[in-house]
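Biologist: I would like to learn how to read a structure, one feature at a time. Where do we start?

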Amino acid sequence: MTEERAMDDFRTVIEPFRIHAVEPVALTTREERAGWLRDVGYNLFSLPARDVLIDLLTDSGTGAMSRDQWAAIQHGDESYAGSPSWFAFESAVKDLFGFRHVIPTHQGRAAEKILFTVTGGEGRVIPNNTHFDTTRANLEASGAEGVDLVIPEGRDPSNRHPFKGNMDIAALESLLEARGGDVPLVMVTITNNSGGGQPVSLENLRAVRALCDQYSKPLFLDACRFAENAWFIHEREAGQSHREVADIVREIASLADGMTMSAKKDPLCNIGGWLACNDDELAQSFRNLLILIEGFPTYGGLAGRDLEAIAQGLTEAVSHDYLRYRIRSTAYLGEALEHLGVPVVVPIGGHAVYIDARRLLPHIDPMAYPGQSVAVALYEIGGVRSCEIGTVMFGRQPDGSEQPAAMDLVRLAIPRRTYTQSHIDYVIEVCERLAKEASTLRGYRIVSQPAQLRHFTATFEPIG
Ligand SMILES: Cc1ncc(COP(=O)(O)O)c(C=O)c1O
């Protein structure tokens, strides 16, 4: 790893790529942005992307593909059954994850829908460190109940535990003891997106595995950010720094019985996903449903060209030079905000920096959505689009009542290989302005909302 040492000698961690094709971004005025916010009911998901300058809404599907991925797309074979692109995809997935059955889907939530339609249902309870919003929505749609059992440190934005995504092993054991018969499977999300992009340690995964063995439960990974999680293990976990990330990924997968995946994250693609498992019967049930709602098992919800892009993306996702840059550049933004006194979740996560809106806006009650207020202000001030991950996203209970979420965060998700350091320096300046204006920001009330996943389409108005 000679190149790694060469880079370590310098303070600046550069983008390990050159720009090959460019996309224009929109320069707009604050007045224009204030008007557009009113027009869309203060919901950032409803803004046309052309009116956004720096889009940190999500790291999902927004990354830049490499020259080699675009070249791989030219190899896409669109045969309905048994295309060479399918075999390239299957072999790349099996090389890293090793599961016997790989079932391609158009994105992560389709894998979740199939998994929970087969394993969920009324009376079932599914533990996770923290269910992502689509994961929770899909299992609840099946009638099951989702339980979040992240360690207590994972709910404290200022606690610097190195593996804040870890599962609370004692809490999982109590659940399995009390309601084992109702638990069809245990899930672990790596990294823990809803809890600040925080990693799960190998030690913790081994302990979850041991409990799953004790109670005869399958363990499924929600593995969207497997490479970032493995990099954190490589960097932070005792005895792991000599290992290749790909090798750590293989060990993580070997501890599980299956996985769901969104290829829009670490696999560096704009679309795609899969469901994988070792159990033959389960795989058969998954495939039966796949054919009904996604497609034939050798393409699922994807075109042959997408399968090729994923196969190539997987080889790039575990590159140490790429991962060092990726994790370091996210930390660069987070550390600058800390330095400015903007409260953020620490340690800085892998794919995003999370502003602690509840702490930044103590004058706004959680039920008046401080996260929404911060997200709207970031767009109005500087055209930066972010995402509320708090009471708007999680406050609505299945019975329609409302409670404050565990945290009110605003996620600045960093698309992979897309923005340069000067873009991020601009975001830092926008956040500095936000901190100056914080005491003048107002809370919001919801004007209209759908029954599920309300954050995507609800409309708001400022209070007062
Ligand atoms: C942890 C996690 N699980 C599942 C999903 C769902 O994936 P997709 O957006 O591809 O449906 C996401 C997407 O953001 C995620 O972050």
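Modeller: We start with burial: a residue is buried under 20% relative accessible area, exposed over 50%, and partly exposed in between (1.4 Å probe, protein chains only). This is a predicted model, in which local features need pLDDT of at least 70 and side-chain atom pairs count only at pLDDT 80 or more, while totals for chains, interfaces and linings use all residues. Residues are numbered from 1 along each chain as its sequence is written, and side-chain values use heavy atoms, leaving out hydrogens and water.

Biologist: How many of the residues of α10 are buried?

Modeller: First the naming: helices (H or I, at least four residues) and strands (E, at least two) are DSSP runs, numbered from the N terminus. In α10, 7 of the 10 residues are buried, and the helix is mostly covered. The buried ones are V245, A246, I248, V249, E251, I252 and A253. Their cover includes α4 (84-97), α8 (202-214), β6 (219-222), α9 and α13 (320-340), where contact means heavy atoms within 4.5 Å.

Biologist: How do I describe two packed helices?

Modeller: Two packed helices are described by the angle between their axes and the distance between the axes. Axes are lines fitted to C-alpha atoms, for helices over the stretch in contact, and angles run from 0 to 180 degrees between N-to-C directions. Here α9 (residues 226-236) and α10 (residues 245-254) have axes that come within 9 Å and cross at roughly 110 degrees. That makes α9 roughly perpendicular to α10, a label given to angles of 65 to 115 degrees; under 35 is roughly parallel, over 145 roughly antiparallel and the rest oblique. F226, A227, N229, A230, W231, I233 and H234 of α9 meet V245, I248, V249 and I252 of α10.

Biologist: What joins the side chains of T130 and N192?

Modeller: A polar contact of 3.0 Å. Such a contact is a pair of N or O atoms within 3.5 Å; within protein, one must be able to donate a hydrogen and the other to accept it, and residues adjacent in sequence count only if both atoms are side-chain atoms. T130 lies in the loop between β3 (125-128) and α6 (133-141), and T130 is buried, with a relative accessible area of 12%.

Biologist: In which sense do β5 and β6 pair?

Modeller: Two strands pair if DSSP finds at least two bridges between them. β5 and β6 pair in the parallel sense, over 4 bridges.

Biologist: What is the order of the strands in the open sheet?

Modeller: The order is β9-β12-β11, with antiparallel pairing. The edge strands, β9 (352-356) and β11 (387-389), each pair on one side only. From one strand to the next the twist averages 35 degrees. Helix α15 (residues 370-382) packs on this sheet, touching β9, β11 and β12, and its direction makes about 40 degrees with that of β12.
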